[in-house]
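Subject: Structure for your files

Hello,

Here is the structure we discussed, with the sequence alongside. My notes on what was found in it follow below.

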Amino acid sequence: MKFSFSKFVWFDGKFIPLEKAKVPVTTHSVQYGTSIFEGIRGYWNSKNLYIFRLDDHIKRFRNSGKFYSISLNFTDSQVKQGIVGLCKKNKLKSSCYIRPFYFVGNYGINLHVTEKAPTHMAIYSFPFGDLFNKNGIKACVSSWRKFSDSTTPPLAKMGGNYLNSILATQECKRNGYDEAILLDQNANVSEAPGENIFIVRDNELITPPLHSSALEGLTRDTVIKIAQDIDFKTSTRDISRGELYLADEIFLSGTAAEITPIVFVDHKKVGSGKVGRITKRIMSEYTNIVMNKNQKYSHWLTAVY
Ligand SMILES: Cc1ncc(COP(=O)(O)O)c(C=O)c1O
């Protein structure tokens, strides 16, 4: 996957050219993964660029650091201004991805990270289309299990957590699949390496609970609200591996993946092997929301221009 990063980044409060944003090799987060990030999308609807659920992303951004006493030295309003300002500075007038992150800087080899550890924050952006084929992808259950609250908290969106995602992704690609599905420590379905998961069974939309080590995804929450709006029964409960094979439909939800149908799981067709009716409806409602065509949710959109 090739990304064409936008020219400017925001680094500790200033807009600077991408190539000037440098950190020392002794940076703590490079050694230990002590970084926190968010993935945010901006949608261009030919009139304006709308950043989706920006306040909710900023809330999770700050909360993730609290698990590890890693300080975010900028206020919510500074982070928001940085993100909106960066889109303007880069003159972004197409749909894009925005990546804010903060990380422990020069802190030697010290594992006793406290609020006093020095941190830095940066934001970069790039034009972005579909992450996956929206006509459906092939997924397989990974032999790697998702880590749990008994090891490192899955609710914290930490750089280091993604080593688990990388192992699962490497394995699935090696085996010819597009994406992995991880089981939790109790062998129930957890989520994908960078997305939450939903199944449709007998006219019910089901997603694993947070105790299955799923990230509290904002797209997951959006899907649940869409399903309620269209009077589709939803539940949050444990999903066994076997239910993946009995599901009528399966899809992933995430900022980058948006709503991505899974049409094959472990070489078995999901339902008819085509994108299902409910998945299609959720995809279309989701697009309406992010493109500001559903006034009920316009409060989720931050206009850049
Ligand atoms: C592990 C993981 N699960 C789920 C998600 C989906 O979360 P969201 O919908 O907030 O992007 C992401 C992406 O942020 C993720 O990295």
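The C-alpha centres of domain 1 and domain 2 are 26 Å apart. Where the two touch, 20 residues of domain 1 and 22 residues of domain 2 take part in the contact. Please keep in mind that this is a predicted model.

As for where the division falls, domain 1 covers residues 8-127 and domain 2 covers residues 137-290.

The interface area comes next. Between them, domain 1 and domain 2 bury about 1800 Å², and carbon and sulfur atoms account for 62% of that area.

On the polar side, there are 11 residue pairs in polar contact between domain 1 and domain 2, counting pairs with both residues at pLDDT 80 or more. The count of salt bridges between the two domains is two. A salt bridge joins the side chains of Arg-53 and Asp-221, with an N to O distance of 2.8 Å.

Which elements supply the side of domain 1 that touches domain 2? At least two residues each come from β3 (35-37), β4 (40-44), β5 (49-52) and α2 (54-66). Of these, α2 gives the most, with four residues. By residue class, that side of domain 1 has 10 nonpolar, five polar and five charged residues.

If you open the model, the pair Arg-53 and Asp-221 is one place to begin, as their side chains meet in a salt bridge. From there you can go on to α2, which supplies four residues to the side of domain 1 that touches domain 2.

Regards

Note on methods
Residues are numbered from 1 along each chain as its sequence is written. This is a predicted model: local features need pLDDT of at least 70, side-chain atom pairs count only at pLDDT 80 or more; totals for chains, interfaces and linings use all residues. Side-chain values use heavy atoms; hydrogens and water are left out. Domain bounds come from an automatic or database domain assignment. Contact means heavy atoms within 4.5 Å. Buried area is the accessible area (1.4 Å probe) that two parts lose on being put together, summed over both. A salt bridge is a side-chain nitrogen of Lys or Arg within 4 Å of a carboxyl oxygen of Asp or Glu. A polar contact is a pair of N or O atoms within 3.5 Å; within protein, one must be able to donate a hydrogen and the other to accept it, and residues adjacent in sequence count only if both atoms are side-chain atoms. Ala, Val, Leu, Ile, Met, Phe, Trp, Tyr, Cys and Pro count as nonpolar, Asp, Glu, Lys and Arg as charged, and the others, Gly among them, as polar.
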